[in-house]
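Hello,

Here is the structure I promised to pass on. Please have a look first; my notes follow below.

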Amino acid sequence: MSGAPPAISIRGLGKRYRIGSYLPTGGTLRGWFADRLSAKARAASAESNKPRYIWALRDLTLDVPTGSVIGIIGRNGVGKSTLLKILSRITDPTEGTAELYGKVASLLEVGTGFHGELTGRENIYLNGAISGMTRAEVDRRFDEIVAFSELEQFLDTPVKRYSSGMYVRLGFAVAAHLDPDILLVDEVLAVGDLSFQRRCLNRMNDVAQTGRTVIFVSHQMTAIRRLCNRTIWLEAGRIRDFGPTGEVVARYESESLGGAAPGGSGSREGAAYKARYLSWMRDGAPAGEAHVLSDLAPVAFRLVLDVRERIAAGYGGIEIFDPEGKLIWSGASYDGGRGDLALDPGKHALIYSLPMLPLKPGAYKLHASFYEREGRKLLDDWWAAPELIVSLPPSSHPDDEWQGILNLPCGLRVERE
Amino acid sequence: MAEARAQPPAVTRIRARAGWEALNLREMWERRELLWFLAWRDVRVRYKQTILGVGWAILQPLMQMVVFSIVFGEWLKVPTDNNIPYPVFSSTAVVPWALFGSVLAATATSLTSNAGILNKVYFPRLLIPLAGAAARLVDFGVAFAILLAMIFVFGIHFTPAILLLPLFLLLLLVTALGFGLWLGAINVYIRDIQMLVPFLITLWSYASPVIYSAQSIPPAWRMVYALNPMAGVLNGFRWCLLGTPAPGPEIWPSIIVAIAVFLTGMMMFLRVQRTMVDIL
């Protein structure tokens, strides 16, 4: 991959924004006159309007090889959209340069320039022209665009009568036929229903397969994992991490979902208690992957329970919830006839092991509880932090990987009966 | 696609640009179809859900002509050149003035009213005001046809000067775009401009020979008056269509001011457009 010539080459790119009003007077003539007329007003506005700047993007240097699909992730306001806007030439950078080799198309919004009064047919031409297609190109691909949108019957209806789903379908249908060498895509898949999102992702996958270069900004880690071979994690306008998607996304998710503290949260040790969970990790996990699951090998969760007073008979439970909060699995210490636990004061590790955990990628919540047998008294009830990040490569059929729960490769034999 | 791939790919270089660097005529030429699509959109959309439709392009100057003819022609007896009947004398200025006013207003607000597109996709930004102007030419065409019919009905004979009319139309557009680009660039930062524009157009029409003849201006003031490019434009229209006296040397201040404003307006616009979406 590193041998491919760069499609995009970025050197020291930075973008500075001015916060607050652009003009030293709040941007109105009234303020301007007030400033001229009164020294007091001038002093006040000079104070409150001292230019304050923020760097939305700083010192960005990057080479994107031709044919690669790069994901950009990060929290809101870290410069993802600014980067796309600069690369799409919507706004100039403050410093640095970027060179893009080939025809560039950007998809920062679906259906840019659509006018409600115009019909679907008219909007296809208008949106095509705005996005950089010639009339002849739209003519040539018109039938494909219409077929992709599935809006044949509504072509001569003004789009103001379209549902929002139809509107998005039409917009994406045009965008899907732009044929650029470099495609810049912002979070546009958040709209539209599930099956449409799937079609859009498939389409982008097709684009990526044909040697085009794609830069894709998204908050949907499943989409990033599926599409991108490498991913950039932006933080405060700089590259925090850049590498293979699985690793970067896993690190990003474990930090942003679970908080930076890996395991042992001292805060839980404060008050008086009889027994309390302190931390968890994957038993025998390699360094840096203590809360990440990336294979189908046997897996064990090591929960550290701090016991302050002797427990003659107790039992623990553990549950896994999916990102939507649905219970995926639960187990208990007495399963399989193991009976109750007798624990002396001190720190104990309860290690629950499973033959494998074939879950689709995402952030899962672990919940653990501990009871005393006598009176079934709840001693602790803990939502484990950080969360469990599953970053297995998806192995379901590509059309269905957005649905379903399990992530298992399937084997097949054909035998003569 | 195959032959396109064989060539070295087009390179897009991105960096902070100074004013003139942003003017890319080749790119504008490549995207000329977009100019027509945007103009076509403006025309299509403007009269949707109106009863009269493009009839408004005729009705507005027509109503002005009627009122002007009664008030200024009949009651106030405003003198005209060569004793041309007042209705046709004023209409010859009202029709181009309507074009000037609408292009100026459209250009001055073109950036703010298209913020939604400008924020999401790149194309040469100058196409937006140019398309707005092109769309207004459609209205002008309709009104102009009526004007020609009217000149014919009033029995005025066309002279060879009519061949020079396109030059005065060009001067009109250069003036309207020049001032419009200035105002539009400032309007990105100070929205007071869009409040000011309608008022400005009305005041300006009094300072231009619309309802009266430029001959009414005292000779000592004519060169100063000619600094208003629209004075040159309207005198030119009357000369070309009605055979009134040809504009003398006072056409030069009009032309020089128009070109100067156009060039500086473009420069302002190009400067602002580099980062205007940060503010829009």
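Domain bounds here come from an automatic or database domain assignment. For chain A, that assignment gives domain 1 (6–12 + 63–255) and domain 2 (266–390).

Two points on conventions. This is a predicted model, where local features need pLDDT of at least 70, side-chain atom pairs count only at pLDDT 80 or more, and totals for chains, interfaces and linings use all residues. Residues are numbered from 1 along each chain as its sequence is written, while chains are lettered from A and ligands numbered from 1 in the order in which they are written.

Within chain A

The C-alpha centres of the two domains lie 42 Å apart. Their contact takes six residues from domain 1 and eight residues from domain 2. (Residues are in contact if their C-beta atoms, placed from the backbone, lie within 7 Å.) On the domain 1 side, α8 (221–227) and α9 (245–258) of chain A each supply at least two residues. α9(A) gives the most, with four residues. (Helices are DSSP runs of H or I, at least four residues; strands are runs of E, at least two; both are numbered from the N terminus.)

Between the chains

Chain B puts 30 residues into its contact with chain A, and chain A puts in 41 residues. From chain B, β1 (11–14) and α3 (32–46) each supply at least two residues. α3(B) gives the most, with six residues.

The strands meet too. β4 (residues 95–101) of chain A pairs with β1(B) in the antiparallel sense, over four bridges. (Pairing needs at least two DSSP bridges between two strands.) In β1(B), B:Arg13 is the bridge partner of A:Glu99.

Best wishes

Notes: Contact = placed C-beta atoms within 7 Å.
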